Amino acid sequence: MIISNKLESMKSLSKSEEVLAQYILNQKENIEKLSTKDLANATYTSPSTVIRLSQKLGFSGWTELKEKYLEELQYLNRHFSNIDSNFPFQSHDTLMNVASKIGHLACESIEDTLSLLRNDELNKAVTLLDKAQIINVFGISNSLLMAYDFKHKMLRINRHVEIMNLPEEQAFVASNSSPNHCAILISYSGEVEETLKIAKILRKNKTPIIALTSIGENTLKNFADCAFSITSREKLYSKIATYSTNNSVHLILDILYSCLFKMNYDYNLEYKTNISKNIEERFSTSNSLKEK
């Protein structure tokens, strides 16, 4: 979970810590030059309270918290300048306004996801997937919807992907996994109890883990061999739909499929084309769609 969301939603804060949290949220980039003592003086609290709040958020102290928070703000200020990911349209918008805004939001989500992509993580993930005999995808709710499209694509290049819907079933599959498997875990917050349970089982079985999760520090990343950042601008609950996260997850899975396809391009292209011709009966009256 990103720091600003943590500061807004943490329930275990004292009154002094709540004052500090609200001050940080209000001041944003203005905290850059504040020391622990400066922050304490500005909020009429104490340096020890500043350190305690930083540690509750998972940081060693104010310096680390400030550094990560400023990085997060820099990220949040990129792209998405005109559209709110949580409420991209309003009740007074026309139907075409809604269509335009959702289209622009999709474009911005893609740009945002690409800006978070790192070559070393991508290379590591593709290598793990290429070595895997079986790829298991774990998640809850609609996080698995995009995974079915990933499975559909992978099946056509003879790559075996398993997706389980029930948490109990996921736990059993994870328990049967091995180093010859590779697991993709999808969790926006990175703190879902069921997903973390799966991650612990996989780690015990030495199964490589690829995580798709939000920016910032979270528990799921601690279990992962490599992690991809999902565009992280949506609230956990207060939103019309998961437009941005769905677009982001879908793009990352498409990129993983495409990079894996590229590793044996000619063979995969021939295999996919032949299997599609043999199994999928398709017809069109449009000359532009017909195969030569």
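Modeller: T45 lies in the loop between α3 and α4. (Helices are DSSP runs of H or I with at least four residues, strands are runs of E with at least two, and both are numbered from the N terminus.) The model is predicted, with local features needing pLDDT of at least 70 and side-chain atom pairs pLDDT 80 or more, while totals for chains, interfaces and linings use all residues. Residues are numbered from 1 along each chain as its sequence is written, and side-chain values use heavy atoms, without hydrogens or water.

Start with what T45 touches. Setting aside neighbours within four places in sequence, T45 is in contact with S16, L20, L39 and A40. Contact means heavy atoms within 4.5 Å. E17 is 28 residues from T45 along the chain, yet their C-alpha atoms are separated by 8.4 Å.

Two packed helices are described by the angle between their axes and the distance between the axes. Helix α3 (residues 36-43) packs on helix α4 (residues 47-56) at about 105 degrees, and their axes are 8 Å apart. That makes α3 roughly perpendicular to α4. Axes are lines fitted to C-alpha atoms, for helices over the stretch in contact, and angles run from 0 to 180 degrees between N-to-C directions. Angles under 35 degrees count as roughly parallel, over 145 as roughly antiparallel, 65 to 115 as roughly perpendicular, and the rest as oblique. From α3, T36, L39 and A40 meet P47, V50 and I51 of α4. L39 and A40 also touch T45. By class, the α3 contact with α4 has five nonpolar residues, one polar and no charged. (Ala, Val, Leu, Ile, Met, Phe, Trp, Tyr, Cys and Pro count as nonpolar, Asp, Glu, Lys and Arg as charged, and the others, Gly among them, as polar.)

The crossing of α8 over α12 is right-handed, meaning that the near helix is turned clockwise from the far one by less than a right angle. On the α8 side, the contact includes M146, F150 and M154, and on the α12 side it includes V249, L253 and L260. The α8 contact with α12 divides into nine nonpolar, two polar and three charged residues.

Helix α7 (residues 119-131) also meets α12, with axes that come within 10 Å and cross at roughly 65 degrees. That makes α7 roughly perpendicular to α12. This crossing is right-handed too. L122, A125, V126, L129 and D130 of α7 meet I255, L256, C259, L260 and M263 of α12. This contact holds nine nonpolar residues, no polar and one charged. L256 and L260 of α12 contact α7, and both also belong to the contact with α8.
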